[in-house]
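Notebook open. I want to look up salt bridges and then cavities. I start with the structure itself.

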Amino acid sequence: MLTHNVAAPSSLCPILSNDWHFHVSDQLIFPHNLNPNLFWRASRKIKGCRLKASFWESIRSGILKNNTTQIVEPPSTLEEEEEPLPDEFVLVEKSQPDGEIEQIIFSSGGDVDVYELQALCDKVGWPRRPLSKLAAALKNSYMVAALHSVKKLPGSGNEQKRLIGMARATSDHAFNATIWDVLVDPSYQGQGLGKAMVEKMIRTLLQRDIGNITLFADSQVVEFYRNLGFEPDPEGIKGMFWYPRY
């Protein structure tokens, strides 16, 4: 398992290849052989005091070590929203010698076509899953982030839009969230787009006061998530899996 206990950064900046032109600079732009369970945990300040707690204490928020007293916090005066507000913006833009302009657009409104998603899963070599279950997973997710490539020739009025990246998160809407299905089209990998997408999701979850963020990762991408602040096996805690015995 991975965890990282750091102060939530005021600005998380993606690293993208040099030939892309940034349009957003002050915003965070951000299975099958599952190995470690990854955790990202942010320290935060409450009423001027830095929160210091072990991993389990953060999971069991509200219970003191002696298990006899429950912490009761006053109700929030802020109007609570049930789900994150949809977000969409141009992440980067690139011009081709023939005048074609390609934009990479980040969105979090959950507008992902299941057929496009299945095709993207095929490209990265993931096993196929029933379309009905893919649709249900998207519908029941707390947040769905997507990257679309939009190509257009100036003056043509036509554009080509296709899904090139996706990630989603489930949550209890209060304490914990788990990020699932992070994937980027192989022809767009290595440009910092996956990093940007995950970081944007982290920022959104932190803004919703969800500080315990976990994910599962294949062994070959553990280092990728380490660089995003995740740690394996926090305080020796191991992920536990139950499999049906046929």
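This is a predicted model: local features need pLDDT of at least 70, side-chain atom pairs count only at pLDDT 80 or more; totals for chains, interfaces and linings use all residues.

Residues are numbered from 1 along each chain as its sequence is written, and side-chain values use heavy atoms, with hydrogens and water left out.

**Entry 1: salt bridges**

I counted by this rule and got nine salt bridges. I looked up Arg128 and found Asp122 as a partner, with the closest N and O atoms 2.7 Å apart.

Arg128 is exposed at 57%. Asp122 is partly exposed at 34%.

Next I took Asp185. Asp185 forms a salt bridge with Lys123, and the closest N and O atoms are 3.0 Å apart. Asp185 sits in the loop between strand E10 (176-184) and helix H4 (193-207), while Lys123 belongs to helix H2 (residues 114-123), so this pair ties together parts 62 residues apart in sequence. Helices (H or I, at least four residues) and strands (E, at least two) are DSSP runs, numbered from the N terminus. Is Asp185 buried or exposed? I find Asp185 buried, at 3% relative accessible area. Lys123 is partly exposed at 47%.

Then I checked Lys238, whose side chain meets that of Asp233 in a salt bridge (2.8 Å, N to O). Lys238 is exposed at 52%, and Asp233 is partly exposed at 27%. I also looked for shared partners: salt bridges join Lys123, Arg162 and Asp185 into one network.

**Entry 2: the largest cavity**

On a 1 Å grid over the protein atoms alone, a cavity is a set of points where a 1.4 Å probe fits but cannot get out, and lining residues have an atom within 4 Å of a point. Grid points are joined across faces, edges and corners, and a volume is the space filled by probe spheres set on the points. The largest cavity has a volume of about 40 Å³.

Which element gives the most to its lining? H3 does, with three residues. H2, helix H3 (131-139) and strand E9 (159-171) each supply at least two. Among the lining residues I noted Leu117, Met166 and Asp181.

How values were computed. A salt bridge is a side-chain nitrogen of Lys or Arg within 4 Å of a carboxyl oxygen of Asp or Glu. Buried means under 20% relative accessible area, exposed over 50%, partly exposed in between (1.4 Å probe, protein chains only). On a 1 Å grid over the protein atoms alone, a cavity is a set of points where a 1.4 Å probe fits but cannot get out, and a pocket is an open set with protein on both sides within 12 Å along at least five of seven lines; lining residues have an atom within 4 Å of a point.
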